[in-house]
Amino acid sequence: MNITEDKNVLRWVIIGFSVVTVSIILWNTYVFFQGVKEMERKNIAEYATAVKDLQNAPKNAYIGDLGFTVAQNMTSIPLIRVTYKGEISTRNLPANIEETDTVRIKQLIEIYKSQNEPYIINYEGKPISTIYYGNSDVINKIKYYPLALVVVMVLFSFVIWFFYRSTKASEQNKLWAGMAKESAHQIGTPLSSLVGWTHILRDSKVEPSYIDEMEKDINRLKTITDRFSKIGSVPKLVKADVVEETRQATDYLKNRVSKLVEITMDLPEQPIPVLLNKELYAWVIENLIKNGIDAMKGKGALHVFVKAEVRQVSIQISDTGKGISKNDWKRIFTPGFTTKKRGWGLGLSLAKRIIHDYHKGKIKVMDSKKNVGTTFEITIDRI
């Protein structure tokens with residue numbers, strides 16, 4: 001069993017232990033609750049006996065202080081006593097209910113009947129009065145305790161779930177970062193060899209234009225390798241003109257896509273300085289343009305617009321593709337989420353990480369309509 005499996009087992013053990021613990025607490029709370037209700041039932045029985053003895057004792061008979069003591073100590077349970085003649089007496093009712101308010105008294109009687117079974121006082125085999133009693137403050141507090149415990153359990157479960165998801169996402173990020181760095185390392189070896197071969201070819205009688213094109217592709221591979229090597233580490237930001245960097249990234253793809261895709265740019269004439277990692281920023285622009293081309297299925301119009309604001313610069317990339325459902329506007333930036341049949345769901349998640357985490361900017365779907373197109377917006381603080 002490896003470390004990951006050990007962690008998963010430990011998580012399930014903790015979750016199982018928590019569920020068992022909460023279940024035991026809930027069960028004991030229920031037993032305690034029933035015990036308190038039974039005790040209050042006995043208190044009502046003692047009170048009823050004391051009232052019966054006091055009412056039916058012969059005149060001048062000595063009955064002691066027990067009955068008076070029991071009757072006077074009934075201070076926690078709200079009750080309403082109705083005699084067979086319809087006479088009503090109350091004890092411990094809420095302060096806002098007066099004994100003369102018969103309408104409220106009748107409403108309370110119905111409430112008390114739903115809470116506890118009425119206690120009937122018999123004398124010589126005949127009922128002489130009925131006691132309707134409600135739950136004491138103690139019971140009212142206890143009955144909400146299981147609910148509070150369930151809420152705590154739900155919150156605890158949510159914390160465990162969130163911790164699990166965060167840990168899993170962290171492990172996935174480390175995996176992708178490791179794969180990216182390893183890919184950069186693996187590409188580096190044949191890339192160095194290709195550089196050597198171009199030097200040899202230049203000394204040979206080979207058309208120079210061919211070698212120039214080869215070197216362009218080699219430089220492109222170097223850029224890709226550099227990008228992959230930066231994943232998982234904090235890249236260095238330098239002062240750069242975001243207008244020029246956007247132009248270069250767009251021009252690179254503009255010269256390499258199908259003629260059926262019209263790429264236009266609307267860029268300010270004045271430079272806009274920002275803190276950038278040029279390689280990673282170009283990666284984001286290229287990723288958004290490629291996504292737009294895919295959404296248009298290789299045919300349509302794509303527009304890149306840069307707008308200078310007071311404190312920020314806004315870069316918008318619009319396409320005339322199939323559009324994105326509004327429910328997916330945020331989900332598309334989640335690692336692994338993709339609407340493509342053969343997509344990995346990494347491009348936009350990496351774009352968000354580059355803009356949000358590294359450049360402290362924002363990237364979002366500004367607008368999207370079905371079969372009309374989508375507009376992505378990047379905002380970065382100006383220097």
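What is the volume of the second largest pocket? In this predicted model, local features need pLDDT of at least 70 and side-chain atom pairs count only at pLDDT 80 or more, while totals for chains, interfaces and linings use all residues. Residues are numbered from 1 along each chain as its sequence is written, and side-chain values use heavy atoms, with hydrogens and water left out.

**View 1. The second largest pocket.** Its volume is about 260 Å³, taken as the space filled by probe spheres set on grid points joined across faces, edges and corners. A pocket is an open set of points on a 1 Å grid over the protein atoms alone where a 1.4 Å probe fits, with protein on both sides within 12 Å along at least five of seven lines; lining residues have an atom within 4 Å of a point. The lining comprises 13 residues, with Arg-220, Thr-223, Gln-248, Ala-282 and Glu-286 nearest the centre of the pocket. Helix 6 (208-230), helix 7 (242-254) and helix 8 (278-295) each give two or more residues to this lining; helices are DSSP runs (H or I, at least four residues) numbered from the N terminus.

**View 2. The salt bridge between Asp-212 and Arg-202**. The closest N and O atoms are 2.7 Å apart, where a salt bridge requires a side-chain nitrogen of Lys or Arg within 4 Å of a carboxyl oxygen of Asp or Glu. Arg-202, Asp-212 and Glu-215 are linked in a network of salt bridges.

**View 3. The salt bridge between Lys-113 and Glu-110**. Both residues lie in helix 3 (residues 102-115), three residues apart, and their closest N and O atoms are separated by 3.8 Å.
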